[in-house]
Each structure stands twice: as structure tokens, then as C-alpha cells.
Amino acid sequence: MGLRSQFGSLVELERRWRGQADFYLVYGREAFPSESRWPAPVPDGEVVSAPTSLAERSVLAERFRAQVSDHLPLLLDGLDDAAMAAYDAYPFRVYGITPTGRIAVPSAKGAAGFSATLERIDRWLKSVTGEAATTPSED
Amino acid sequence: MRSENCWVTGSVLALALLLGVPATGAEDQVCFADCSGDLAGERDRGPRLGSVAPAIEVFRSPDAGDAATLESLLRGRPVILAFGSLT
């Protein structure tokens, strides 16, 4: 199962809990740009360069969102990658945070961990809202 | 990252590990190598359950000049932060 599938599950989860929780995509350091030891192509086959400005990062971030969902709000980490560092979120992670700003669901690592974390977030949201998720529907 | 990237990268890194080549880069990057994240020692040092969520200052795309903090994202509801990149 690839990351596209993982983020597909995220999009489904967001649909289920829309209106009861706020989901954000955070785009940070590109995992495998052309400058890395193991460059990897993006889904359209291009190998991208690491952004050197926030504007360049924004362009790649929008492409990332287009791959995931145009619906989800997109946040950009600064060029210092401070947010990714604070959450040890390289190359990808997902966290559930309470309305008071505490970690309710920490992220597990790896693609399998990402998927398992989404399941834990679903259970957590059920427990804190006391409600069933809404039936997913198309945007 | 596409699944084929996952497996190709994982295979390359597995071979590198067998040959004794360090799997991490000079700048302490940790590569996504396999679906468990274990093969190349993907780190697991993020914030723990119940801890205060680390403060962040990020920018709302596409208007990169519009900063946002975690506090500004918390609006009385749970928040889900999903970090990722194209590759």
C-alpha cells in the first residue's frame, strides 16, 4: 500500500468527521528531491528539486494537495522545517490533537504506522464526540 | 509516495544495508525505506500521548505570507495534522 492510499484514507476520515474535527495537510521538506541521495519521481514521473524559497515550496505543496484532496486546507512548513522537526514528521506523519492542544493520538512511523494512526484517530474521535461519524459522501 | 517508490527505495536501501553502506545521509536525513519505517531506522521521536502539542508557525497556502500557529488552528474542536510531501 503506497502513500497515495494512506492519504486516501485520510481524506475518507476527514469526510467522516467533517464539522466535528479540523483536518490540515502540512507540507514540509520534500522527502526525495533531486538533491537527495535517492531521488524519487513524483507521481507524474518528474524528479523535483528541493525548494529554495517559500514560494517554490508553495508550488510543490499545491501539487501535493492536488494529489491528495483539493478540499483539505494546506499549511506550509517554513524553510527551516521547524514544524516537521517538532513533530518528527519526516517523511510523513499524522497526529490527533485535543482542542486544548495536547497530543491525543501520536503518530506511528512508516506507511503501516500512518494507516494504523488513522484508525486510532477514528476511534478517538468517536470517543470524544460520542457520535457516529457521518456517512462519507462525494465533495 | 507511490507504492512503487516505496518498494524501489526499500530495495535499494536493503541492498545498501547488506553492502554496509550507511542508510542515512550526512545531514541526518532518515529515508522512508519500507512500509514499517524500520529498515533505514526511520525515527520515532515525535511528541508523546498526553504531552503538550509542540507549537508551530506555518503558512497558509497559497498565500505564503499568511502565518498560522497551532493556537490559531485550535477552534474548540479536535485538530488532525497530516504531514507529507510529493515523494
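This is a predicted model: local features need pLDDT of at least 70, side-chain atom pairs count only at pLDDT 80 or more; totals for chains, interfaces and linings use all residues.
Student: Which residues form one aromatic cluster?
Tutor: Residues are numbered from 1 along each chain as its sequence is written, chains are lettered from A and ligands numbered from 1 in the order in which they are written, and side-chain values use heavy atoms, with hydrogens and water left out. Rings of Phe, Tyr and Trp (its six-membered ring) pair if their centres lie within 6.5 Å. One cluster is formed by Phe7(A), Tyr27(A), Phe64(A), Phe92(A) and Phe114(A).

Student: What kind of aromatic pair do Phe7(A) and Phe64(A) form?
Tutor: Over all chains, the structure holds six aromatic pairs. For Phe7(A) and Phe64(A), the centres are 5.4 Å apart with 85° between the planes. Planes under 30 degrees apart count as stacked, over 60 as edge-to-face and the rest as tilted. The pair of Phe7(A) and Phe64(A) is edge-to-face.

Student: How many residues apart are Phe7(A) and Phe64(A)?
Tutor: The pair links distant parts of chain A, with Phe7(A) in helix α1 (residues 3-17) and Phe64(A) in helix α2 (residues 54-68). Helices (H or I, at least four residues) and strands (E, at least two) are DSSP runs, numbered from the N terminus.

Student: Are Phe7(A) and Phe64(A) buried or exposed?
Tutor: Buried means under 20% relative accessible area, exposed over 50%, partly exposed in between (1.4 Å probe, protein chains only). Both Phe7(A) and Phe64(A) are buried.

Student: Why is the pair of Phe7(A) and Phe114(A) tilted?
Tutor: Phe7(A) lies in helix α1 of chain A and Phe114(A) in helix α4 (residues 110-129) of chain A, 107 residues apart. Their ring centres are 4.9 Å apart, and the pair is tilted because the planes are at 40°.

Student: Which residue lies over the face of Tyr90(A)?
Tutor: A charge sits over a ring if NZ of Lys or CZ of Arg is within 6 Å of the ring centre and within 35 degrees of the ring normal. The charged end of Arg37(A) sits over the ring of Trp38(A), 5.6 Å from its centre. At 4.1 Å from the ring centre of Tyr90(A), the residue over the face is Arg29(A).

Student: In what order do the elements of chain B run from the N terminus on?
Tutor: Chain B has two helices and three strands. From the N terminus on, the order of these elements is α-β-β-α-β.

Student: Which residues is Ala68(B) in contact with, leaving aside its neighbours within four places in sequence?
Tutor: Ala68(B) is in strand β2 (residues 67-69) of chain B and is buried, with a relative accessible area of 1%. Its C-alpha atom is separated by 5.2 Å from that of Val58(B), ten residues apart along the chain. With contact meaning heavy atoms within 4.5 Å, and neighbours within four places left aside, the partners of Ala68(B) are Ile56(B), Glu57(B), Val58(B), Arg60(B) and Leu73(B).
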